[in-house]
Amino acid sequence: MSTFAGDIDLGLLRDRLVAIALRAGRMITSAKPTTTSSGTKKNSADLVTETDQAVEAYISSELGTLYPDFAFMGEETYVPGQKLGNEPTFVVDPIDGTTNFVHRFPYVSVSLGFAVNKVPTVGVVYNPFTGRLYSGIKGRGSFVFDIDKQQPLDEKTRTDTTDGQVQVPREDEGTKLPVKELAPLGGLDECVVAIEFGSDRGGQNWKTKTDTWARLGRRKEDGGAMVHSARALGSAALNLCGVAEGVLDLYWEGGCWAWDVCAGWVILTEAGGLVVDGNPSGVWEIPVDHRKYLAVKGAKDGEGQKELVNEFWGYIEGEMIYEH
């Protein structure tokens with residue numbers, strides 16, 4: 001039997017996710033990034049630390065206590081073959097940007113998503129190194145907060161009852177996204193595009209990525225798009241939030257999992273953005289666990305979004321293949 005998001009107090013759930021993200025952030029910033037005995041999941045670029053595991057254990061425990069009837073899907077406890085179902089599910093990446101965390105590059109986030117009937121419904125993304133917090137609820141908008149500059153407690157700010165030192169700003173208390181005024185979108189030659197290496201460094205997927213990156217950057221006289229520039233910053237969740245803010249124009253990715261994108265998906269789409277197929281398939285509606293994504297920032301009345309997606313699809317060299 002399907003559960004409707006309207007049956008759940010999404011505002012309270014969002015507040016609880018924010019409180020958990022803030023505490024998880026403290027765990028991350030106070031930790032020394034020590035890899036586990038294996039150090040990697042798949043290869044030397046797919047890192048896992050003891051902090052990843054400890055933070056996920058904390059998040060899972062808290063959510064299990066608060067919502068014992070809801071499902072949980074987390075990166076560190078994922079079992080191959082596990083599928084996202086219709087039941088209310090927390091979709092969690094305890095440290096999105098583990099490689100950055102290990103190298104002490106401060107583009108790291110706690111990504112807490114919530115899906116109902118496989119639809120991303122609530123998202124909280126928090127970078128504990130910068131104090132940047134994003135949250136969104138489907139149908140209610142998305143917002144960005146600067147936790148480091150948050151004002152002292154007053155009647156507009158809640159204090160989480162389980163830890164009086166954690167301040168939970170109301171969902172509409174931050175800056176509404178996007179931070180820039182919406183305008184019609186131009187072409188790729190006016191865009192900054194976020195891309196990522198990922199950990200899959202061979203075969204067809206790698207060739208599709210590298211050939212496409214080269215064509216996006218190449219000058220037009222040689223058949224390229226000549227985008228303004230590309231950014232590889234190392235966190236899918238924060239990349240999506242950057243597109244939601246409007247400081248990035250697009251984000252193209254293959255190989256991510258639902259826990260990488262669920263929270264950011266809500267934040268982006270509530271800011272007027274789109275998430276479509278990362279392959280040049282013409283598919284505009286994809287599931288959150290699709291693993292191949294093209295995210296585009298919001299535009300005034302949606303003007304130029306479709307054209308920009310079609311232009312990007314036209315520059316993709318090949319096709320990415322990832323199992324769901």
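Seven strands build an open sheet, ordered 3-4-5-6-7-8-11, with mixed pairing. Strands here are DSSP runs of E with at least two residues, helices are runs of H or I with at least four, and both are numbered from the N terminus. Two strands pair if DSSP finds at least two bridges between them. This is a predicted model: local features need pLDDT of at least 70, side-chain atom pairs count only at pLDDT 80 or more, and totals for chains, interfaces and linings use all residues. Residues are numbered from 1 along each chain as its sequence is written, and side-chain values use heavy atoms, without hydrogens and water.

Strand 3 (71-74) and strand 11 (175-176) are the edge strands, each pairing on one side only. Within the sheet, strand 6 (residues 119-127) and strand 7 (residues 132-137) run antiparallel, joined by six bridges. Val124 faces Ser135 of strand 7.

Helix 1 (residues 10-29) packs on the sheet. It touches strand 4 (89-96), strand 5 (109-116), strand 6, strand 7 and strand 8 (141-146). Contact means heavy atoms within 4.5 Å. The direction of helix 1 makes about 30° with that of strand 6. Axes are lines fitted to C-alpha atoms, for helices over the stretch in contact, and angles run from 0 to 180 degrees between N-to-C directions. Helix 2 (residues 50-66) lies across strand 3, strand 4 and strand 5, at about 155° to strand 4.

Helix 4 (residues 203-217) packs with helix 7 (residues 305-315) at about 120°, their axes 9 Å apart. Helix 4 is therefore oblique to helix 7. Angles under 35 degrees count as roughly parallel, over 145 as roughly antiparallel, 65 to 115 as roughly perpendicular and the rest as oblique. Thr212, Arg215 and Leu216 of helix 4 meet Phe312, Gly314 and Tyr315 of helix 7.
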